[in-house]
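Subject: Structure for your review

Dear colleague,

Please find below the structure that I am handing over to you. I would be grateful if you could look through it alongside the notes that come after it.

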Amino acid sequence: MKPREIRLSTTPTPEAIAELRLGDIVYLDGLMYTAREGVYMRALEEKANIPMELPSESAANFHCSPAARINADGSFDMGAVTATASFRFAKWLPEWMEKTGAKLIIGKGGMTSKDYKSYFVPNGAVYLSTVGYGTGALLGRGVESVEAVHWNEELGLAQAMWVIKCNKMGPFIVASDMNGDCLFERENAKIAQNIARVYEGTKPAVLKRYGESDDRSDEVI
Amino acid sequence: MIPIDLIQKTAEALMDKAAIEIPEDYLDGLQEAAKTEDGDLSSFVLKAMLDNYEAAKEDRRAMCGDTGVPRWFVKLGNDAQVEGGMCALETALRRATASATNGVPLRPNRVHPLWRTDHNNNVGIGAPEIEYGFEPEGDWIDLITVHKGGLFGSDYRMLFPSDGIQGIKRFYLDSLMAFGKRGLACQPAIIGIGLGGSKDICMTLGKRASVLRTVGSRNSDPRIAEMEDEFKELGNSIGMGAMGFVGKNMVIDCNIEVGYCHTGGMPMSVHAFCLSSRRAVARIYSDGRIEHRTDPDWFTPYQRRETVEWEPAREAAE
């Protein structure tokens with residue numbers, strides 16, 4: 001079955017979000033900003049003023065650092081854009097969502113259903129995953145323009161807050177929904193049925209490690 | 001004598017090629033995988049990746065926004081001479097890395113581990129890594145750049161002889177399961193396994209097995225070559241595909257490299273060279289000729305030699 005394709009605004013209505021189903025393919029239009037550990041620490045821990053009107057300008061937070069440069073005349077060249085793994089940012093996301101009204105968290109690998117149920121759903125937010133990973137050139141084509149780069153001096157190019165105007169940017173995959181269900185956990189559960197057969201005949205290493213799980217249906221994130 | 005400006009110019013061209021053009025052997029492997037894939041979501045992912053490689057080449061933009069941590073492998077023929085010597089060569093490679101980071105552009109990924117200082121050019125302490133190999137004949141140098149992702153998919157473990165092949169299989173599967181879920185390893189990947197060596201060299205062997213060997217190549221030891229076939233199939237029988245979705249393709253190929261280790265141990269490392277398996281190679285001859293290719297051809301009989309002397313071993317083979 002071919003996945004459904006949907007165009008979505010980066011300031012989506014609650015109805016548009018409620019429509020999304022796990023595994024839908026999404027293309028985005030509107031302003032999106034990048035924010036990862038550097039931006040979260042600066043905004044939430046150092047209490048710096050966020051240099052955008054959120055969420056009215058954008059409710060889409062991309063876990064990304066682009067392959068881009070700032071030219072001598074102050075203009076920008078953006079080549080490829082792809083996401084970085086989001087689970088590392090769980091520590092900051094509840095406060096970030098509350099503060100910025102972010103409705104679309106876009107990144108790599110998603111979060112756990114526990115994260116979705118405890119602060120995504122109450123904030124009316126869903127998770128969109130990039131595809132591949134590494135459709136950087138395709139996503140780059142969806143960048144109509146770079147509107148601004150904030151905090152470049154403080155954080156460097158890779159951690160700065162890039163504001164991107166998207167024109168049918170995608171593909172992304174819907175990885176959580178308003179039930180708080182998780183696409184990746186659904187797939188894990190299907191794969192788990194096969195684990196015992198694949199491991200048949202192998203035995204645990206003679207030298208153990210502290211803290212390790214021998215349950216292969218577990219995740220390491 | 002190989003002119004130093006030719007080295008820098010060639011290195012810059014290689015940085016550009018590696019970031020933008022997926023190597024033919026990996027592309028062929030992924031196209032084969034796309035044909036056999038029947039999981040809805042993982043099929044969609046593979047097709048999107050194939051479209052992405054096209055878009056990157058058409059637009060001359062990096063194939064992935066995470067352009068990895070650029071590094072260099074330099075192979076020298078025994079008679080090769082570089083203008084200005086080896087320190088000049090290292091400076092040329094550092095310059096090429098910095099200028100391509102701004103030029104392509106690449107993402108300036110390299111930061112200080114503690115202070116997170118970013119020079120915005122992928123150059124810093126120990127970065128880019130430059131590693132060397134030598135061949136008994138020739139007046140050429142091979143420049144190989146690899147832009148490998150840096151966060152997930154690699155692991156190391158000290159196994160012991162009593163763990164045996166079943167223990168090796170288990171650690172291999174553990175690495176695929178742990179980093180395959182949610183596609184953290186950005187599979188389907190070229191999986192490199194390092195067996196033996198001292199701890200650090202075990203990691204190096206596995207890394208080189210994933211980044212310096214092509215899809216379809218086989219170890220010159222026929223019994224290791226059989227293991228490579230078997231491990232590829234084993235990885236693809238998990239039922240996990242791209243992004244950790246249900247699928248048949250996790251391992252585009254599995255390459256194993258070995259080195260002699262401590263008699264009591266059997267260290268093992270696993271590495272995954274991702275959907276953006278970026279490498280580019282050029283041979284520069286002393287007369288200024290340049291030949292571009294994508295096969296690093298690193299693991300020659302000389303690199304895998306077992307004997308004290310090289311010449312007698314070669315004569316015996318002839």
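Confidence

Please keep in mind that this is a predicted model. The predictor assigns the complex an ipTM of 0.92 and a pTM of 0.94. For chain B the average pLDDT is 96, and 98% of its residues score at least 70.

Chain A

Chain A contains eight helices and nine strands. Its radius of gyration is 19 Å, close to the 17 Å given by the globule rule for 221 residues, so chain A is as compact as a globular protein of that length. Of the 221 residues in chain A, 46% are buried. Among the contacts in this chain with a separation of 6 or more, 66% are between residues 24 or more positions apart.

Chain B

Chain B likewise has eight helices and nine strands. The radius of gyration of chain B is 20 Å, close to the 20 Å from the globule rule for 318 residues, so this chain is as compact as a globular protein of that length. Taken along the principal axes, the C-alpha atoms of chain B fill a box of roughly 55 × 50 × 40 Å. Buried residues account for 52% of the 318 residues in chain B. Where contacts in chain B join residues at least 6 apart in sequence, 78% of them join residues at least 24 apart.

The contact between the chains

Chain A contributes 50 residues to the contact, and chain B contributes 57 residues. On the chain A side, at least two residues each come from strand S4 (67–70), strand S5 (76–80), helix H5 (136–141), helix H7 (183–192) and helix H8 (195–199). H5(A) gives the most to this side, with six residues. By type, the residues of chain A that touch chain B comprise 25 nonpolar, 17 polar and eight charged.

Helix H1 of chain B

Helix H1 of chain B covers residues 4–20, which is 17 residues. From its first C-alpha to its last, H1(B) reaches 25 Å, close to the 24 Å expected at 1.5 Å a residue. The buried residues of H1(B) are B:Ile7, B:Thr10, B:Ala11, B:Glu12, B:Leu14, B:Met15, B:Ala18, B:Ala19 and B:Ile20. Their cover includes two helices of chain B, H3 (40–59) and H4 (85–103). It also includes strands S1 (69–77), S3 (141–148), S8 (278–284) and S9 (290–293) of chain B.

Strand S5 of chain B

Strand S5 of chain B, residues 189–196, is mostly covered, with seven of its eight residues buried. S5(B) is joined by eight bridges to strand S6 (residues 251–259) of chain B, and these two strands run parallel. Within that pairing, B:Gly196 has B:Gly259 in S6(B) as its bridge partner. S5(B) is also joined to strand S7 (residues 266–273) of chain B, here by six bridges and in an antiparallel arrangement. In S7(B), B:Val270 is the bridge partner of B:Ile193.

With kind regards

Methods:
Residues numbered from 1 in each chain as written. Chains lettered and ligands numbered in written order. Predicted model: local features only at pLDDT ≥ 70, side-chain atom pairs only at ≥ 80, totals over all residues. pLDDT = per-residue confidence, 0-100. Helix = DSSP H or I, 4+ residues; strand = E, 2+ residues; numbered from the N terminus. Rg over C-alpha atoms; globule rule 2.2 N^0.38 Å. Buried ≥ 20, exposed ≤ 12 C-beta atoms within 10 Å, placed from the backbone. Contact = placed C-beta atoms within 7 Å. Nonpolar A, V, L, I, M, F, W, Y, C, P; charged D, E, K, R; others polar. Expected span 1.5 Å × (residues − 1). Pairing = 2+ DSSP bridges.
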